[in-house]
Amino acid sequence: MIEYRNLRVAVLGGGSVGSQVADQLLTHRDELAARIGAGIELAGVAVRSIDAPRDTAIPRELLTTDAESLILSADIVVELMGGLEPARTLILQALNSGADVITANKALLATHGPELFEAAEQVGAQLYYEAAVGGAIPIIRPLRDSLAGDRVKRILGIVNGTTNFILDRMDAHGESMADALATATALGYAEADPTADVGGYDAAQKAAILASLAFHTLVPADAVYREGITEVTLEQVVAARKAGYVVKLLAICERLTDPVTGVDGVSARVHPALIPDTHPLAAVHGANNAVFVEAEAAGPLMFYGAGAGGIQTASAVLGDVVSAARRHVVGGPGVAESTHANLPVLPISSVMTRYQIALLVADEPGVLALIAALFQSHGVSVETVAQSVAVVDSLSATDAPSAATLVIGTHEASEADLAATVAALTTSSVVHSVTSVLRVEGL
Ligand code: HSE
């Protein structure tokens, strides 16, 4: 066997993932070298502060605050700093110096992905990002490599652990949204500012990455329709469970044909949705993640596991380190991102979906017929109707006896028609209020 020189790995960022990656590289150096076919050496870890406290200790002589010099001495650069800058500039410097780059930075990929991939292609380097979606779960490589011979039709993903934890607490413990968020914060799942998670921004960035890979099409993060979980109520979660559903924040990426124009394209969206309690995603509890992929030939596939965590995410990063190192040993340029399909990214109004709508209505003769006519006039077909006597504090004593709750499930219809129906319901004289509007997925 030809002896290959030691490959040098620079880690940028000494946080929970960075320090675990450094530790694993040092601890498993010989085993990794055997798998690579070349020695592997931790060149250093660039940090903001040498003396910052760390969960996993990094030998002091490996720490540096000079990321730029560290990059210049490396064959492989692992970016785990997060944020857009200086991560973007440092990655570009690393690629331009011929190093392969590994990143877990989904915000950076979703915002500056094309620029970074272009830079990698120019110099024949490779940009790896297994840890950017789903933490420890292998999902990038399955989409990019294992399913490259198939056609992905749809992805339904639980790709944000914090929101899954919150919704699961509401479902399993009957906690309000505010209490479940407080629990998530106390246990360290939610950040001090939870907006990126509860607002669906983190999931939308991951949806952009998954859709781009799955459909061989560049899907920018700002083309992902996004609703967070902040409007989800305990009442909705409890009612969903009674009706045989679970509320989940889903990232949905799919091929579709616009129902009006007939244009074939793709769409990516993030929003809370009802899924049947028998769907595999309904069994994803706590802060876990799962990605359910439907491919034409392979059929349904589910990828499940820890979506965050220092050592768990380090597993995905180290898999990329081994891949990058093997490529150095074998030689040849990195493989460019596949965007050959270049399909139009269609807006949310093109999506076909089902809704479940709960209404507080006047319980009087003819009301059901009026509401049914309203659905019909917007071209939305009603599948199920359930009525119960409403007990609602907000109604006056005079109104209360004549109020009923209607829960209407629709057949699949266009988002545009469904949105127009909900708007018309909101202003209808027989509807006191629209109390819940949720999409239904996974049927
Ligand atoms: N904040 C993310 C989550 C983890 O809650 O899943 C990092 O992507």
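This is a short chat about a predicted model and some of its local features.

Reader: Let's begin with the second largest pocket. What is its volume?

Author: The second largest pocket has a volume of about 820 Å³.

Reader: How many residues line the second largest pocket, and which lie nearest its centre?

Author: The lining has 30 residues. Nearest the centre are A239, A240, Q356, A358 and V407.

Reader: Which helix and strands each supply at least two residues of that lining?

Author: Helix 11 (234-242) does, and so do strand 13 (352-362), strand 14 (382-389), strand 15 (403-410) and strand 17 (431-440). In terms of domains, at least three lining residues come from each of domain 2 (140-306) and domain 3 (351-440).

Reader: And by class, what is in the lining of the second largest pocket?

Author: There are 17 nonpolar residues, nine polar and four charged.

Reader: New topic, aromatic pairs. How many are there?

Author: The count is two aromatic pairs. One of them is formed by F165 and Y189. This pair is tilted, with 4.6 Å centre to centre and 40° between the planes.

Reader: Where do F165 and Y189 lie?

Author: F165 is in helix 7 (residues 161-173), while Y189 is in the loop between helix 8 (177-186) and helix 9 (195-198). The pair therefore ties together parts that are 24 residues apart in sequence.

Reader: Is F165 buried or exposed?

Author: F165 counts as buried because its relative accessibility is 8%, and the cut-off for buried is under 20%. Y189, at 37%, counts as partly exposed.

Reader: What lies over the face of Y201?

Author: R226 does, at 3.8 Å from the ring centre.

Reader: Now the backbone. Which residues does a cis peptide bond join?

Author: E85 and P86 are joined by a cis peptide bond, with omega about 10°. P86 lies in the loop between strand 4 (76-79) and helix 4 (87-96).

Reader: Why point that out?

Author: Because most peptide bonds are trans. Likewise, most residues other than glycine have a negative phi.

Reader: What is phi of H216, then?

Author: Phi of H216 is near 50°, a positive value. H216 is in the loop between helix 10 (201-215) and strand 8 (225-226).

Reader: And what about phi of N342?

Author: Phi of N342 is also positive, near 45°. N342 sits in the loop between helix 12 (310-330) and strand 13.

Reader: Are H216 and N342 buried or exposed?

Author: H216 is buried, with a relative accessible area of 16%. N342, at 61% relative accessibility, counts as exposed.

Methods
Residues are numbered from 1 along each chain as its sequence is written. This is a predicted model: local features need pLDDT of at least 70, side-chain atom pairs count only at pLDDT 80 or more; totals for chains, interfaces and linings use all residues. Side-chain values use heavy atoms; hydrogens and water are left out. On a 1 Å grid over the protein atoms alone, a cavity is a set of points where a 1.4 Å probe fits but cannot get out, and a pocket is an open set with protein on both sides within 12 Å along at least five of seven lines; lining residues have an atom within 4 Å of a point. Grid points are joined across faces, edges and corners, and a volume is the space filled by probe spheres set on the points. Helices (H or I, at least four residues) and strands (E, at least two) are DSSP runs, numbered from the N terminus. Ala, Val, Leu, Ile, Met, Phe, Trp, Tyr, Cys and Pro count as nonpolar, Asp, Glu, Lys and Arg as charged, and the others, Gly among them, as polar. Domain bounds come from an automatic or database domain assignment. Rings of Phe, Tyr and Trp (its six-membered ring) pair if their centres lie within 6.5 Å; planes under 30 degrees apart count as stacked, over 60 as edge-to-face and the rest as tilted. Buried means under 20% relative accessible area, exposed over 50%, partly exposed in between (1.4 Å probe, protein chains only). A charge sits over a ring if NZ of Lys or CZ of Arg is within 6 Å of the ring centre and within 35 degrees of the ring normal.
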